[in-house]
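Please read them alongside the structure.

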Amino acid sequence: MSEAEDKYDIVPIPPNTDKIEEILVIMEHFFEGEPISTMLGIKRSSATDDFFKDMVRQGTGVMAVERETGKVVGVRLGYVINDTYWEKFRDKAFMKMLEWGLWFTNRDLYRGFVTVIPTINEAVEYDTRSFFGKLKCSRMLADTFVCVSPSARGARLGERLVVASEQRAKELGATHAVVVATGCYSQRIFKKLPYTLVKEVRYDEMRLKNGDPLPNLDKVPSIHTHCISFTREL
């Protein structure tokens with residue numbers, strides 16, 4: 001471990017953590033330049049905060065903490081779900097959390113949200129329900145977010161967070177992990193680790209149900225060209 005890496009500890013996030021605000025600030029960085037967030041103009045809001053708080057309460061997340069100061073500098077959140085959990089999981093998913101608020105506050109964004117994400121997931125064959133049968137498992141880690149503060153990047157924290165969250169998921173009975181990696185940074189992490197690439201598709205090749213391209217592709221940073229789905233046996 002390098003000197004830069006040794007400055008940080010990776011620890012589980014307690015469901016009742018007193019560092020929730022620090023975690024929310026870290027997750028705010030996730031939206032910056034992330035392809036789907038950019039396409040739909042998603043930024044930190046009360047709806048996203050509620051969603052992240054709910055994920056923390058699941059007790060499956062891990063965080064990177066600066067040893068000297070105790071400051072949170074990285075987070076990985078996900079759900080450990082079983083093959084009978086889909087309806088509950090779906091109701092708690094990010095899309096569902098935003099649907100209700102967006103319907104009343106921004107119907108154009110709402111319509112984009114419920115068409116764009118299904119289009120991307122379908123393109124890369126990311127479907128947690130079908131993965132249970134394909135992987136012949138009954139309990140899996142459905143990865144959702146990995147994010148590191150700009151001030152702590154370059155210390156392999158993203159990779160360490162992923163590995164630690166997998167270990168936490170195994171402790172909770174998960175036998176597999178499934179991932180949809182939307183940006184190049186997270187894709188590099190999963191390509192380094194023993195994940196199996198399921199499907200990789202360029203964003204500019206995807207089409208909505210009406211035949212239109214994905215919205216606001218010109219605003220997505222040019223380094224993010226593809227979406228990739230991965231699986232791994234833990």
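1. Where is S149 found? S149 sits in the loop between β4 (139-148) and α8 (157-171); helices (H or I, at least four residues) and strands (E, at least two) are DSSP runs, numbered from the N terminus.

2. This is a predicted model, in which local features need pLDDT of at least 70 and side-chain atom pairs count only at pLDDT 80 or more, while totals for chains, interfaces and linings use all residues. Residues are numbered from 1 along each chain as its sequence is written, and side-chain values use heavy atoms, with hydrogens and water left out.

3. S149 counts as buried because its relative accessibility is 8% (buried means under 20% relative accessible area, with a 1.4 Å probe and protein chains only). Not counting residues up to four places away in sequence, S149 touches I26, H29 and V73 (contact: heavy atoms within 4.5 Å).

4. Leaving aside neighbours within four places in sequence, M27 is in contact with F52, V75, L77, F145 and C147.

5. In soluble globular proteins, nonpolar side chains tend to be buried together.

Technical notes: Buried < 20%, exposed > 50% of the residue type's maximum accessible area, 1.4 Å probe, protein only.
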